[in-house]
Every structure is written in structure tokens, then in C-alpha cells.
Amino acid sequence: MIHQHFRVEKEDYANAGRISSQIKQMLKQLGVSSEVLRRIAISCYEAEINMIIHSYGGEVVLSLTAEGQCELKFADIGPGIEDVEKAMTPGWSTAKASAREFGFGAGMGLPNIKRNCDEFTLTTSPEGTTLVIGFRVL
Amino acid sequence: MKASVLTEKYGFEKLSVSSQDPEIKHAFIGDLLSWVMGHAKGDDAWITILGHPNIIAVALLRELACVIIAHDAQVQPETIEKANQEDFLILKSSLSAYEICKILISEGV
């Protein structure tokens, strides 16, 4: 059983993708297939970026069981997603102009995640949002 | 085609110090990171006008062949530094994405 925590800071665009790279590298060394790695990398990157752009910060928790189940939990401390249905709609975004200048804010984050993971659970309130995504890796 | 054809035959500028001469199998044009993450394929040459360091994170995560900056768009020094650290190739051209694609197609991509 592997259990690892990573800290995500608000608006830390300079390091965006660092956690996703670390997780991908770790899973690659464990022999996860390139097809599953691709889906994990896409989902993890999108969720990491969402936290950087939209949240006050939080953490990512990677769990890998001996049975071959990989779970990624993205838990932030707010401000929550106002309208989850809209957030799940491709092309809809609340990203600020500063984020859009960097090429973020396509409104494809959550739809990309849902399309690429095997399990998807999203809970949100003004106190924080928690996204848990699962993959069968072995 | 090899990426070096673009520098040697067509005068594209090599922005990063990379020892790699990747094989370009396909190309993807896009300036929205999520579209690239979601739709690009491994070994794509990614043609973009984005110059922020996040393009390197996306390119590495998707295992793209290289990034080609179109229209001589500005690239931040941090982006080049990150590419150098990762031994990843960034090329630059004054041509538009369309004109770059025409070259790629003429070379069999």
C-alpha cells in the first residue's frame, strides 16, 4: 500500500503540473501500463490545475493498494464550486483573465477528468471541494 | 520526420539545448492547455503561440515529440530553462501554424 501527500498552493502557476509529473513517474516505475498512465496524467494534471486556479489551496493524496487500485484525492479548503452541473459542462469556465492568459480556462478540466478515470466522486461546499478519482492500474 | 529537418532545411530556430532529435509522427495545433491534454497524441509536434512554462509540463505529461512556437511568439526564459532541464526540444518559426503544417505534410507527417 502506497500513500503519499502533496501540497498545492493557490495560484502557483509556476509549479503547475509538478505533482502530476511526480505521480506519473512513480506509477511508471511501478510498471503501470502507458495507456493507464496517460489517463492518470491527464486527470491528475487537470485536477491539479483546477486547485491552483480556483481554490485557496489544498492537498493531493495518492493511494495505491496491493490489489491494483489507484485513488487520487484532491481536497481543497474552499471556496467551493457554485454550480457543479455547469462546471461539468464542456467549455464552461469561471477562470480569471490571468489564468486564461496562460492557456488555462478552456472549461475542459472536469469533463476531461471524468472521461479518463474509472471512478469519479465530487463533493463541494463553501468550506472546500473534494474530488476522488479511481483507476484500475494492475 | 526527424525534428532536425525543420532546423536544417527550413530554418526553424532551436530554442532549447536538447540532445534529442525526436521523430514527429503527427501534429496538434492548440493554445488551450486542456485541449492539448485531452486531444494531443504521443509523438505529436505541438504547434502553439503559448510561451509559458506550463507548455513544457503538458508536453512532458503527454509525451509529445516537441513544441513548435509559431508566429515568432514570445517565449518566457523560464520555459526555455525548464525545457533545458528536461532535455526537451522547443523550436520556433515566424510562420503561421497553417504554414508549419504544410511543411510537416510535405515531409510526410
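A crossing of two helices is called left-handed if the near helix is turned anticlockwise from the far one by less than a right angle, and right-handed if clockwise. With that in mind, look at helix 1 of chain A where it passes helix 3 of chain B: the crossing there is left-handed. Please remember that this is a predicted model.

**Confidence**
- The model has an ipTM of 0.87 and a pTM of 0.93.
- For chain B, the average pLDDT is 97, and 100% of the residues score at least 70.

**Where the chains touch**
- Chain A gives 18 residues to the contact, and chain B gives 15 residues.
- On the side of chain A that touches chain B, the elements giving two or more residues are helix 1 (18-29), helix 2 (34-54) and helix 5 (109-116) of chain A.
- Helix 2 of chain A supplies the largest share of that side, four residues.
- Sorted by class, this side of chain A holds 10 nonpolar, six polar and two charged residues.

**The helix pair across the contact**
- Helix 1 of chain A and helix 3 (residues 54-61) of chain B have axes 10 Å apart and pack at an angle of about 20°.
- Angles under 35 degrees count as roughly parallel, and helix 1 of chain A and helix 3 of chain B are therefore roughly parallel to each other.
- Which residues meet here? From helix 1 of chain A come A:Ser20, A:Ser21 and A:Lys24, and from helix 3 of chain B come B:Ala57, B:Leu60 and B:Leu61.
- The residues of this helix-to-helix contact comprise three nonpolar, two polar and one charged.

**Helix 3 of chain B in its surroundings**
- Seven of the eight residues in helix 3 of chain B are buried, so the helix is mostly covered.
- Those buried residues are B:Asn54, B:Ile55, B:Ile56, B:Ala57, B:Val58, B:Ala59 and B:Leu61.
- Their packing partners in chain A are helix 1 and helix 2.
- Within chain B, they pack against helix 2 (33-39), strand 3 (44-48), strand 4 (66-69) and helix 4 (77-86).
- After helix 3 of chain B comes B:Glu63, which has a positive phi, near 55°.

**A closer look at A:Gln22**
- A:Gln22 is part of helix 1 of chain A.
- With 15 other C-beta atoms within 10 Å, A:Gln22 is partly exposed.
- A:Gln22 and A:Ala41 are 19 residues apart along the chain, and their C-alpha atoms are separated by 9.9 Å.

Key: Residues numbered from 1 in each chain as written. Chains lettered and ligands numbered in written order. Predicted model: local features only at pLDDT ≥ 70, side-chain atom pairs only at ≥ 80, totals over all residues. pLDDT = per-residue confidence, 0-100. Contact = placed C-beta atoms within 7 Å. Nonpolar A, V, L, I, M, F, W, Y, C, P; charged D, E, K, R; others polar. Axes fitted to C-alpha atoms, helices over the stretch in contact; angles between N-to-C directions. Parallel < 35°, antiparallel > 145°, perpendicular 65-115°, else oblique. Buried ≥ 20, exposed ≤ 12 C-beta atoms within 10 Å, placed from the backbone.
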